[in-house]
Amino acid sequence: MNYIFSFFILGGIIIAAVNGRVDVVTTAAMTSAGSAVQRAITLIGIVSLWLGIARVAEKSGLIDALSRAIAPLFRWLFPSIPEDHPALGCILMNLSANMLGFGNAATPFGLKAMQELQKLNPYPDTASEAMCTFLAINTSSVTLIPSTLIALRASAGSKNPSEIMGVVLFATTCSTLVAIIGDMVIRTLCRKGRKN
Amino acid sequence: MFKYILDQISLYAIPVIILLIPLYGMTKKVKVYESFTEGAKEGFTTAVRIIPFLTAMLVSIGIFRASGAMDYFAKFAAPVTNLIGMPSEVLPMAIMRPLSGGGASGIMNSLFTEYGPDSLIGRMASVMNGSTDTTFYILAVYFGSVGIKNVRHSLPAGLLADLAGMITAVFVTNIIFG
């Protein structure tokens, strides 16, 4: 993350200077910083809503039931998470929200899943293997119904806005498979002397 | 018919969830209101905790975008992407996609306006957009929320998946719609 952050900033400023447009750097930095806070503020309400719903689901035993139902698959994907752990239920809710294209609902469940995973993490400032696997699957986003995308296509005047669904499903399945395999391969390669 | 079912699903999914979960809770004799507010209390701290990470991410990406570095990058990568059958018009969106969802949607919309959503370029942009995600944003927010600084191999794994999604999108779009 350090290299990426420095690369974006250094690269951006140098190229802006070469183009003789250093002024845009200031504007971009200020507006982006403002929009970061705006985004977080908007998230407060949405996160509160879904964390509230999630707590009701947790207390009523729904999350446990979901965790048990998905256990066989998740035991293979996340061998380090104990069975019946609430993290599994949160991961499931996050991935389901993602699949249906509800990004707003997915984020709070994802953040909750991270908190649960952090409880299992022996090194609090380093990502655990389960977190890496979860985020690899999450960022590759298996999408059954890309609702936002279909809406954008419809508003641009497409004759058949949902025609891309099948292709998207195929491409996203491929990318998720690559994410799972890639995560396993890199994890094995990185595992020298490290266990968490 | 198919489209109608999809529309209904996206229309009803969230109301149904918000209805069913508390309803299920009530049948299990859970104090629904108290549990809801107890959970929602964490919403504020969770959202505020990600601000530093979000700021770092959005500022660095914002500078990179505004500087025009993306265009250099696109020019540099064009010969390679032409080889796999990706029109160079789509390339800026492919580069933007892992960085910023809003930015990528913006580029996609301008491609829709210029070439039409039902053109090969419009379709390819749609498929790419739908089959990948904003990896940098998600990593910054998710890891930031629990204070993790060393993200280990999750970044290369996520970018690898994006790359795979992009390449599949190009090939399949060319086969199906080409």
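Modeller: A helix here is a DSSP run of H or I covering at least four residues, whereas a strand is a run of E covering at least two. By that criterion chain A of this predicted model has 8 helices and 0 strands. Along its principal axes the C-alpha trace of chain A spans about 60 × 55 × 35 Å.

Biologist: What makes the pair Arg55(A) and Glu38(B) a salt bridge?

Modeller: The rule asks for a side-chain nitrogen of Lys or Arg within 4 Å of a carboxyl oxygen of Asp or Glu. For Arg55(A) and Glu38(B) the N to O distance is 2.4 Å, and the pair therefore meets the rule. This pair crosses between chains, from helix H2 of chain A to helix H2 (residues 32–49) of chain B.

Biologist: Why is the pair Lys59(A) and Glu38(B) also called a salt bridge?

Modeller: The closest N and O atoms of Lys59(A) and Glu38(B) are 3.2 Å apart, and because the cut-off is 4 Å the pair qualifies. Across the interface of chain A and chain B the rule finds 5 salt bridges, and over all chains the count comes to 13.

Biologist: How do you know that chain A and chain B are in contact, and how many residues take part?

Modeller: Contact requires heavy atoms within 4.5 Å, and by that criterion 94 residues of chain A are in contact with 96 residues of chain B. The two chains bury about 8000 Å² between them, with 76% of it on carbon and sulfur atoms. Of the area that chain A buries against chain B, Met1(A), Phe8(A) and Thr139(A) supply 9%, more than any other three residues.

Biologist: How many residue pairs are in polar contact across this interface, and which helices of chain A form its side?

Modeller: There are 23 residue pairs in polar contact across the interface of chain A and chain B, counting pairs with both residues at pLDDT 80 or more. On the side of chain A that touches chain B, at least two residues each come from helices H1 (2–18), H2 (23–59), H5 (103–120), H6 (129–140), H7 (147–155) and H8 (165–190). H2(A) gives the largest share of that side, 24 residues. By class, the side of chain A that touches chain B divides into 53 nonpolar, 29 polar and 12 charged residues.

Biologist: What makes up the lining of the largest pocket?

Modeller: A residue counts as lining when it has an atom within 4 Å of a pocket point, and 37 residues line the largest pocket, the closest to its centre being Gly103(A), Asn104(A), Thr148(A), Asp133(B) and Thr134(B). The space in the largest pocket is about 1000 Å³, and its lining divides into 14 nonpolar, 20 polar and 3 charged residues.

Biologist: What are the volume and the lining classes of the second largest pocket?

Modeller: The second largest pocket holds about 570 Å³ of space, and of the 23 residues that line it, the closest to its centre are Phe73(B), Ala94(B), Ile95(B), Pro98(B) and Leu163(B). Phe, Ala, Ile, Pro and Leu count as nonpolar, and by class the lining of the second largest pocket has 21 nonpolar, 1 polar and 1 charged residues. H9(B) gives the largest share of that lining, 6 residues.

Methods:
Residues are numbered from 1 along each chain as its sequence is written. Chains are lettered from A and ligands numbered from 1 in the order in which they are written. This is a predicted model: local features need pLDDT of at least 70, side-chain atom pairs count only at pLDDT 80 or more; totals for chains, interfaces and linings use all residues. Side-chain values use heavy atoms; hydrogens and water are left out. Buried area is the accessible area (1.4 Å probe) that two parts lose on being put together, summed over both. A polar contact is a pair of N or O atoms within 3.5 Å; within protein, one must be able to donate a hydrogen and the other to accept it, and residues adjacent in sequence count only if both atoms are side-chain atoms. On a 1 Å grid over the protein atoms alone, a cavity is a set of points where a 1.4 Å probe fits but cannot get out, and a pocket is an open set with protein on both sides within 12 Å along at least five of seven lines; lining residues have an atom within 4 Å of a point. Grid points are joined across faces, edges and corners, and a volume is the space filled by probe spheres set on the points.
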